[in-house]
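Trainee: I've just opened this one and could use a guide. Can we go through it together?
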Amino acid sequence: MSLETEFERVSLPLEDPFTISRGTQTEAENVIVRVTDDAGMTGIGGAAPSAHYGETADTVAAVMPDLLDAVERVGDPHAIREIEGELRAVVNGNPAARCAVSIAVHDLAAKRLGVPLYRLWGLDPNDAPKTSFTVGLDETDRVREKAAAAVEAGYPVLKIKLGTDRDRELIDAVREAAPDARLRVDANEAWTPKEAVAKSAWLAERDVEFVEQPVPAENPEGLRYVYERSELPIAADESCMTAADVPAVADRCDIANLKLMKTGSLSEARRLIAAARAHGLEVMCGCMIESNASIAAAAQLAPLLDYVDIDGSLLLAEDPYEGVDLWGGDVRLADQDRAGTGARPASE
Ligand SMILES: [Mg+2]
């Protein structure tokens with residue numbers, strides 16, 4: 001058997017500028033990976049590098065030829081453990097770059113077996129929680145409009161970005177526009193520990209479900225301070241990258257928020273889930289702003305999760321790839337009519 005590989009940089013404009021406490025994004029630079037076997041079957045993966053974790057499309061493109069050489073050297077898409085080990089031997093960091101390759105190899109392996117990836121993992125497609133839809137930071141009136149529009153579009157779970165001096169005004173505006181929605185908030189490290197505890201009290205009064213990353217990852221004692229005093233459950237995102245981080249956050253949060261682009265591979269994502277469960281944590285899967293080339297793979301993990309936040313492709317003006325249907329927030333794995341992750345070119 002032999003494998004052919006290629007990659008392509010894509011610039012994906014967003015539907016609306018997306019703002020969090022750290023800054024604004026108007027397009028997403030993704031890198032698409034394709035791995036093709038000698039029967040002409042192609043696995044698709046994608047990288048959505050995040051500058052916060054030291055990756056850009058340039059760093060992904062710089063290491064990709066060496067990563068893809070390793071795939072061709074192994075030559076067998078079913079030798080996933082060996083391939084992921086070789087990728088780690090090429091670069092120990094660069095998780096988004098490695099993850100794109102891991103996704104493409106998983107997609108190809110499942111396609112060759114003729115099953116959706118969740119079937120290969122033995123998961124029940126009807127166990128998937130609904131995905132949230134994210135409302136970024138904006139003028140208060142715009143946030144109110146965006147929340148109303150998301151509910152109108154059928155999304156019953158909203159994730160609201162906070163981390164401003166208008167947080168109370170923003171959440172009140174969202175509650176007004178979406179009185180029945182399940183709400184979660186994400187401060188993206190913007191609060192002090194005392195501020196986070198105080199804000200958790202009035203967020204609880206507004207029936208918010210949990211608070212994500214209230215304080216900087218560089219302040220683990222602050223995270224513990226918030227966890228011990230908060231009125232609401234705490235999710236760790238920036239504080240939790242791989243399975244090895246789980247023991248350190250286990251007594252500082254209630255929920256581990258994994259992202260494929262932090263873990264570096266689908267196998268590591270599943271190890272993180274197992275590690276979090278072993279420590280009594282709930283598990284969530286989030287995402288960057290990503291094409292369905294990688295979001296479709298995150299969807300395959302949904303039956304293993306308590307909370308799903310995989311709206312990355314929904315925030316794009318246009319996605320060159322289709323994936324698992326997320327209409328109305330339902331992760332419709334049971335409707336997936338394709339083997340592999342379900343990702344396919346939108347033109348196909
Ligand atoms: Mg987050």
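Predicted model: local features only at pLDDT ≥ 70, side-chain atom pairs only at ≥ 80, totals over all residues.

Trainee: Which elements give two or more residues to the domain 1 side?
Mentor: Strands S1 (3-20), S2 (23-37) and S3 (42-47), plus helices H2 (80-90) and H3 (95-113). H3 brings the largest share, 11 residues.

Trainee: And how many salt bridges across that interface?
Mentor: The rule finds 3 between domain 1 and domain 2.

Trainee: What does Asp 16 form a salt bridge with?
Mentor: Arg 142. Their closest N and O atoms are 3.9 Å apart.

Trainee: Where are the two domains in the chain?
Mentor: Domain 1 covers 3-114, and domain 2 covers 119-345. Their C-alpha centres lie 22 Å apart.

Trainee: How many residues are in contact?
Mentor: 39 from domain 1 with 45 from domain 2. Together the domains bury about 3300 Å², with 64% of that on carbon and sulfur atoms.

Trainee: New topic. Which residues are the protein donors of the magnesium ion?
Mentor: Asp 186 (OD), Glu 212 (OE) and Asp 237 (OD). Along the chain, the spacing is D-x25-E-x24-D.

Trainee: Where do Asp 186 and Asp 237 sit?
Mentor: Asp 186 is in strand S6 (residues 182-186). Asp 237 is in the loop between strand S8 (234-236) and helix H9 (246-249). The pair is 51 residues apart, so it links distant parts of the chain.

Trainee: Is Asp 186 buried or exposed?
Mentor: Asp 186 has 0% relative accessibility, so it counts as buried. Asp 237 is also at 0% and counts as buried.

Definitions and conventions: Residues numbered from 1 in each chain as written. Heavy atoms only, no water. Donors = N, O, S within 2.8 Å, 3.2 Å for Na, K, Ca; no water. Helix = DSSP H or I, 4+ residues; strand = E, 2+ residues; numbered from the N terminus. Buried < 20%, exposed > 50% of the residue type's maximum accessible area, 1.4 Å probe, protein only. Domains from an automatic or database assignment. Contact = heavy atoms within 4.5 Å. Buried area = accessible area lost by both parts, 1.4 Å probe. Salt bridge = Lys/Arg side-chain N within 4 Å of Asp/Glu carboxyl O.
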